[in-house]
Amino acid sequence: MKLLFNKLFKNKKDYPEFWQNYSAKFKNDDSARVVVLDCETTGLKPTEDKILSIGAVALHNKIIYIEDNFSVFLKQKINKPESIAIHGIVKNKTDHLVPESEALEQLLSYLGNSKIIGHHIQFDVHMINMALKNAGLPKLKNKVQDTSALYSQYKGVHQLMRKSLDELCDEFHITKKDRHTSMGDAFLTAQVYQRLILA
Amino acid sequence: MGNVIVERVADFLKKYPPFEDLSFEDLKSIASQVRVHYIPKRNFLFKEGDAAHTEFYVVQQGAVGLRSSQIHAADWIDICDEGDILGLRPLFADQTYAMEALAREESVLYAIPFEAFKSLLQHNTSIMNFLLESFASNTRNPKASDAKGKLMSTNYSLKNQDSTDLDFFQQAFYTRNPICLSSAATVQQAAKIMNSHKISSLIIEDKHLPTGIVTDKDIRRWVASGKMDKEDKLENIMSSPVRCIPPQTHLAEVQSLLLQHKIGHLCVTKDGSDQSEIIGILSEHDIMTAQANNPVALLKQIERVTSLESLIRIRESLSRLLEAYLETALPMAYVMKISRLITQALMYRVIEISEVKVGKAPVKYAWLGIGSQGRGEQVLLTDQDHALVFEDVERDKLNDTQEYFLKLAKEVSKSLHQLGYVYCPAEMMASNPDYCLSISDWKRQFSRWIEHPSTKHMMMCSIFFDYSRVYGEDQLAEELSQHIYKKLNNNQKFFAYLGEDAVKNPPPLGFFRQFIIEDDGEHKDEFDVKARAIQPLVDAARVLILSEGIQGKNNTIERFEKLIQLEPQNEEVYAGCIKSFHVLSKFRAIEGFKNQSSGRYLELSKLTKSDKMKLKRAFKPIKDIQSLLKNRFQLTYFL
């Protein structure tokens, strides 16, 4: 155990600067800002599938700040045709695609120490952690909260209710636009989150 | 790749004023700075006296009510719904809110930082004006609101700034320093002067005051009479008094004066009366040249043509003219007046022509326009609504007489149908034996309606009470009116019924989202502007004017104007009704021309936000007038 700890500790110094900066932000507890995030991926298997895009928008004191948004499209080698149909991200549209490592650097700088919110967010976080692992980095340090779990609380149900984002939007009268783009889903999730914590 | 969140916000904003007029760049820049607030039902956005926020709000979803302890605690000053702007006070006034804003239902608000808007405001006066207007409409006491009419009119003129037809709205051009003669001058002198100056009229003056006018026509008549004498004085042939107008008169007003008095010239004097100094003369020709396709010309043509085809053509010109007027800032009152005068002239001519065809009437009669035709409120082609009253005849001649008039009515009705006035589906036409009656039978008919009030009879009253003579003997129409007013005098039971009928359609509450829309049939999801907004005003004006015993006022606007004279204490309510009536009629007319329809059904989803605001404001006076009716006729006991 001690050996393992030492190994980690030793490695930590070697982590790139952007990770050090990210990590340093957790010394302060700033709970006013939360980030609602969504990833589009090539599929649902974290071991073989890849992140295609990440979209996020932040809330400050429960108000969605449009200008505090994040969007990145990743350059990935595998592109399964069936997922293209859903996300509409076409491989040859390479203009704005960035390598995974660069995308992670941007993401961490955006996230800071803010709590991450998302619908079935464990999957997204898992996908990001896999990518971090590939880059030789540790897992995300942020707190995470699932809107799906919040919804169960909101309903006063102790069991987790597996409702889709579509269903929640319908229930809360949120007009569905841009479903299946990471940015669009993040914005919709942010609006769902706002209702879950305020209504 | 664009940012979909910013695009989504921009997509929403651009549907509503003032954002709809922004450039794409500006819109995107604003949208990217928006903050999305969620306010649960019954929560406050801000309270009275709260320190100003650094942002203002656009309602994206839900409804936020504004109220102030200064006014009535229970009364909402305004309800802001989708696309409405609120919280502008910090931009214009003090640093604290003067009202509270409460979510009437769960609401999503787009907050726009003032900072993001500042540079836009500096360079864009129309946006500033719009925000000022929104601010004003939010803060307004609804009672004092639309009567003032300021907001509405600036709105109109703003929108039509670059309209080409605006010429029409300009002041009438007149000839300065007209040639004048004294009434003691001879006809020959006058003819010489008119000939040498190539003019068609002379003003007759006495110490710079106009006493009369002599025109080409007067001289022709003098010559035709055959009794002319070189030494005849102008005072024998001049028209006197002369109609005068002040120098700043709108072309439109001049036109309606010429139409109304069937004259060709107006004298321009310093204060517009014939007791002030002459400064100019204005002829029909001046106006004709100012506008080629004009109402005066149409009216003339109507008198001249003899074929139905020509009348059809004129009716089409009228539609085109009215449609063009509706696009200008021309006040709706003028548009309606011109429509009324020309429509009446058309009907008159149709009857004249039909009479020639069918043969001369055996006895005197009067052709009555009823319903909106009787009120002179038609702008669009509508159903025919008319009735006929003829002199009493011997019992054995009654059948033959009625037969003749039915034949005449069928002929007239057929022609009107060809002109585009379709047959009335309810057969409220003079060609129906029920509505083609002798004066005595009509009196009995009205007595029955008045003495035995019922829903059906009230409906008949509301249609037939608004009759006006289109053609024939004024005397007969007058006699019928006398009879009706005698019957109505102090008939409280009847007025209670009529009053109840007038409030049966409450106003659509003023809030667009709660609009009563037609829930079935062909017009699902449309708003019936006629039944739900125009009709309540028409009905209110009718019952009030009848209960005052005022005769000869058929037009809804004229009725309200008369009521203001009679009851100055209610001026605000009545003036609000006039304004609303104009606005609503304009909506209906524009809709009707656009869709070649009766215009009565407005498709809500197709209205712009500023149209919705206008409509919303037009509903408030309906509420006011209905509570006035309820009080006056003690309907609360009745309902």
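Trainee: Okay, starting with chain A: how many helices and strands does its secondary structure come to?
Mentor: Chain A has 8 helices and 6 strands. Keep in mind that this is a predicted model.

Trainee: And in what order do the elements of chain A run from the N terminus on?
Mentor: They go α-α-β-β-β-α-β-α-β-α-β-α-α-α.

Trainee: What share of chain A's residues is buried?
Mentor: Buried residues are 36% of the 199 in chain A. As for contacts in chain A with a separation of 6 or more, 64% of them come from residues 24 or more positions apart.

Trainee: Which strand of chain B do bridges join to S3(A)?
Mentor: That's strand S1 (residues 35-39) of chain B, joined to S3(A) by 2 bridges, and the two run antiparallel. Look for A:Ile64, which stands opposite B:Val36 in S1(B).

Trainee: New topic: the nonpolar cores. Which residues touch the most other members in the largest one?
Mentor: The largest nonpolar core has 129 residues, and those touching the most other members include B:Cys267, B:Leu346 and B:Leu368. Helix H14 (residues 332-358) of chain B supplies the largest share of this core, 12 residues. Apart from this core lies another, of 85 residues, with A:Val57 and B:Tyr110 among them.

Trainee: What is B:Leu368 in contact with, beyond its neighbours within four places in sequence?
Mentor: Its contacts include B:His386, B:Leu388, B:Tyr467 and B:Val470.

Trainee: Now the open sheet of 4 strands in chain B. What's the strand order?
Mentor: The order is S18-S17-S16-S19, with mixed pairing. S18 (436-438) and S19 (468-472) of chain B each have a single partner strand, so one side of each is left without a neighbour in the sheet. From one strand to the next, the twist averages 30°.

Trainee: How many bridges pair S16 with S19(B)?
Mentor: Strand S16 (residues 365-369) of chain B pairs with S19(B) over 4 bridges, in the antiparallel sense. B:Ala366 is opposite B:Gly472 in S19(B).

Trainee: And which strands does H14(B) lie across?
Mentor: H14(B) lies across S16 and S19 of chain B, at about 35° to S19(B).

Note on methods:
Residues are numbered from 1 along each chain as its sequence is written. Chains are lettered from A and ligands numbered from 1 in the order in which they are written. This is a predicted model: local features need pLDDT of at least 70, side-chain atom pairs count only at pLDDT 80 or more; totals for chains, interfaces and linings use all residues. A residue is buried if 20 or more other C-beta atoms lie within 10 Å of its own, exposed if 12 or fewer, and partly exposed in between; C-beta atoms are placed from the backbone. Two residues are in contact if their C-beta atoms, placed from the backbone, lie within 7 Å. A nonpolar core is a set of buried Ala, Val, Leu, Ile, Met, Phe, Trp, Tyr and Cys residues joined through C-beta atoms within 7 Å. Two strands pair if DSSP finds at least two bridges between them. Axes are lines fitted to C-alpha atoms, for helices over the stretch in contact, and angles run from 0 to 180 degrees between N-to-C directions.
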